[in-house]
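Some labels in a structural description rest on cut-offs, and a careful reader may want to see how each label was reached.

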Amino acid sequence: MTGKHGCSQRSKTVDLRNGSTVTEFILVGFEQSSSSTRALIFALFSALYSLAMAMNGLIIFITWTDPRLNSPMYFFLGHLSFLDVCFITTTIPQMLIHLVAKNHIVSFVSCSTQMYLVFSMGVAECILLAFMAYDRYVAICHPLSYAQIMSRQVCVKLVSTAWFFGLINGILLDYMTFRGPFCRDNHIENFFCEAPIVIALSCGDPQFSLTTIFADAIVVLLSPMVLIVISYARILASILGRASSSGRGKTFSTCASHLTVVIFFYTSAMFSYMNPRSTHGPDKDKPFSLLYAIIIPMCNPIIYSFRNKEMKRAMVRALGRTSLAQSKCV
């Protein structure tokens with residue numbers, strides 16, 4: 001950062017070290033990269049963001065409007081895509097703006113709000129993925145009772161539970177992040193406000209907040225994972241008990257998409273919130289932040305679409321209806 005803007009940011013840092021209270025943060029992001037690198041990153045992630053929004057939006061549309069996809073699995077998938085849309089919209093547009101703008105300052109309130117939304121959507125997605133695994137277990141191991149067990153009312157309650165715990169848990173985690181005063185350097189070495197980095201800027205002892213968030217991550221991540229593991233252990237036992245190899249292949253194909261999404265999401269989330277702070281750093285945080293902030297939400301619809309014939313057919317029907325409507329308008 002050079003010129004008048006860079007001087008004001010450096011002086012602001014000096015003031016903070018002398019005891020002033022932080023009222024805003026500076027997102028470093030890709031500030032140290034060359035202008036050509038930033039232009040390349042902007043073009044790449046603009047394309048990825050547009051693709052993620054378009055594909056998730058298409059899944060939301062077809063799962064909520066196509067009567068042939070009126071089943072619990074697609075009901076959950078529609079809400080997963082909606083969560084992904086909300087999640088990437090809280091981080092990526094701001095990153096794109098900062099790639100072309102010189103002003104990387106965000107207010108204290110904006111940083112807190114962004115972190116709350118990231119926490120809420122992330123926790124809700126963890127729980128929703130567990131409910132999706134339970135749905136697959138019921139469908140495969142109790143097919144005759146599937147419609148009764150996974151009724152529309154039950155599905156709505158499960159999705160509401162995921163949203164409720166996500167929104168409530170976000171309040172706790174946001175409070176633990178911003179509970180102490182901030183009077184140190186206000187530079188955040190990432191492209192959005194991420195809890196471990198922000199806590200490290202607090203002038204108080206960050207250990208209690210980091211320990212609380214770590215404990216919360218264990219509960220939020222491992223509890224749904226236990227349900228996922230149990231569900232798939234019973235699914236595996238049921239599959240191995242079948243004589244037909246074609247039946248096994250079809251069942252494995254049905255579960256593979258969900259398992260792939262679970263592995264990607266949980267791996268990135270565990271690295272970010274269940275690792276000791278000493279293992280973190282800008283070079284390690286940014287790649288994983290990019291992974292769960294944009295890559296996974298973009299990959300989710302691709303994974304589900306390419307491995308699911310019903311989704312492919314529904315997308316073709318939706319695109320066909322759109323083309324027909326456009327031709328009639330012309």
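The questions and answers below set computed values against the definitions behind them.

This is a predicted model, in which local features need pLDDT of at least 70 and side-chain atom pairs count only at pLDDT 80 or more, while totals for chains, interfaces and linings use all residues. Residues are numbered from 1 along each chain as its sequence is written, and side-chain values use heavy atoms, with hydrogens and water left out.

Q: What makes C111 and C193 a disulfide?
A: A disulfide is a pair of cysteine sulfur atoms within 2.5 Å, and the sulfur atoms of C111 and C193 are 2.1 Å apart, so the pair meets the definition. C111 lies in helix α5 (residues 108-141) and C193 in the loop between β3 (187-188) and α8 (195-200), so the link ties together parts that are 82 residues apart in sequence. Helices (H or I, at least four residues) and strands (E, at least two) are DSSP runs, numbered from the N terminus.

Q: Why is C126 called buried?
A: Buried means under 20% relative accessible area, exposed over 50%, and partly exposed in between (1.4 Å probe, protein chains only). C126 has a relative accessible area of 3%, and therefore counts as buried. C155 is likewise counted as buried, at 2% relative accessibility.

Q: Why is the pair of F75 and F76 called edge-to-face?
A: Rings of Phe, Tyr and Trp (its six-membered ring) pair if their centres lie within 6.5 Å, and planes under 30 degrees apart count as stacked, over 60 as edge-to-face and the rest as tilted. The ring centres of F75 and F76 are 6.0 Å apart and the planes stand at 65°, so this pair is edge-to-face. F75 is buried at 10% relative accessibility, and F76 is buried at 0%.

Q: What kind of pair do the rings of Y134 and Y137 form, and why?
A: The centres of the Y134 and Y137 rings are 6.1 Å apart and their planes are at 40°, so the pair is tilted. Both residues lie in helix α5, 3 residues apart, about one turn of the helix.

Q: Are Y134 and Y137 buried or partly exposed?
A: Y134, at 29% relative accessibility, counts as partly exposed, whereas Y137, at 12%, counts as buried.

Q: How do you know that helix α2 reaches a span close to the expected one?
A: The expected span of a helix is 1.5 Å times one less than its number of residues. Helix α2 (residues 35-65) has 31 residues, and its 44 Å from first C-alpha to last is close to the expected 45 Å.
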